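Open the model in your viewer and get ready to select. We will go stop by stop, from single residues to strands and helices.

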Amino acid sequence: KQWYQRRVRGAVEKPVLTIHLGVHPGEKVAVECQCNETVYTRLDVAGKVPPANTWPLMESSLPLRDVVYRVGEECKLSRDAGTYLCQFVLHCSLTHGNGKSVFLHVPPVNTCPAGETVKTVRKIITEIFSSLTR
């Protein structure tokens with residue numbers, strides 16, 4: 001987590017858009033539109049936790065509800081990025097990127113073929129970029 005914080009902060013000053021991918025046990029691509037208020041207490045692989053403070057509810061400033069509607073049944077809108085690394089990464093990204101971040105949870109390959117998931121992720125990214133130019 002500390003490594004990620006340093007990398008995100010040092011990547012670019014003001015990103016146009018940040019997209020993260022992670023695996024979840026669902027059957028569709030989940031488009032995470034927010035991070036819930038939480039205190040992170042689980043240790044990461046290095047045995048560390050983020051600073052002991054409450055992280056607030058944060059929402060993406062991207063029109064993700066519209067994106068999901070336009071992409072269709074291959075994806076779903078989600079308001080729960082989890083309570084571990086995925087939500088933490090999205091919190092950091094939303095904070096650093098002025099809300100222009102999204103986390104896509106993709107299904108495992110034994111649930112949905114990788115080729116189908118790639119097509120759906122491409123559609124989502126295309127719709128997000130289209131929404132930025134409207």
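Start with C35. This is a predicted model, and in it C35 counts as buried, at 0% relative accessibility.

Stay on that residue and look for other cysteines. Which cysteine sulfur is closest to the sulfur of C35? Select C92: its sulfur is the closest, at 8.9 Å. That is too far for a bond, because a disulfide needs the two sulfur atoms within 2.5 Å. The disulfide count comes to 0.

Now pick C75. This cysteine also counts as buried, at 4% relative accessibility.

Next, show the strands. β1, β6, β2 and β5 form an open sheet, in the order β1-β6-β2-β5. The pairing is mixed. Which strands stand at the edges? Colour β1 (18-23) and β5 (75-78): each has a single partner strand, so one side of each has no neighbour in the sheet. Turn the view and compare directions. On average, neighbouring strands are turned by 25° against each other, direction ignored.

Zoom in on β2, residues 29-32. β2 and β5 run parallel, and 4 bridges join them.

Last stop: helix α3, residues 85-96. Which strands does this helix lie across? They are β1, β2 and β6. Helix α3 runs at about 160° to β6.

Definitions and conventions. Residues numbered from 1 in each chain as written. Predicted model: local features only at pLDDT ≥ 70, side-chain atom pairs only at ≥ 80, totals over all residues. Heavy atoms only, no water. Buried < 20%, exposed > 50% of the residue type's maximum accessible area, 1.4 Å probe, protein only. Pairing = 2+ DSSP bridges. Helix = DSSP H or I, 4+ residues; strand = E, 2+ residues; numbered from the N terminus. Axes fitted to C-alpha atoms, helices over the stretch in contact; angles between N-to-C directions. Contact = heavy atoms within 4.5 Å.
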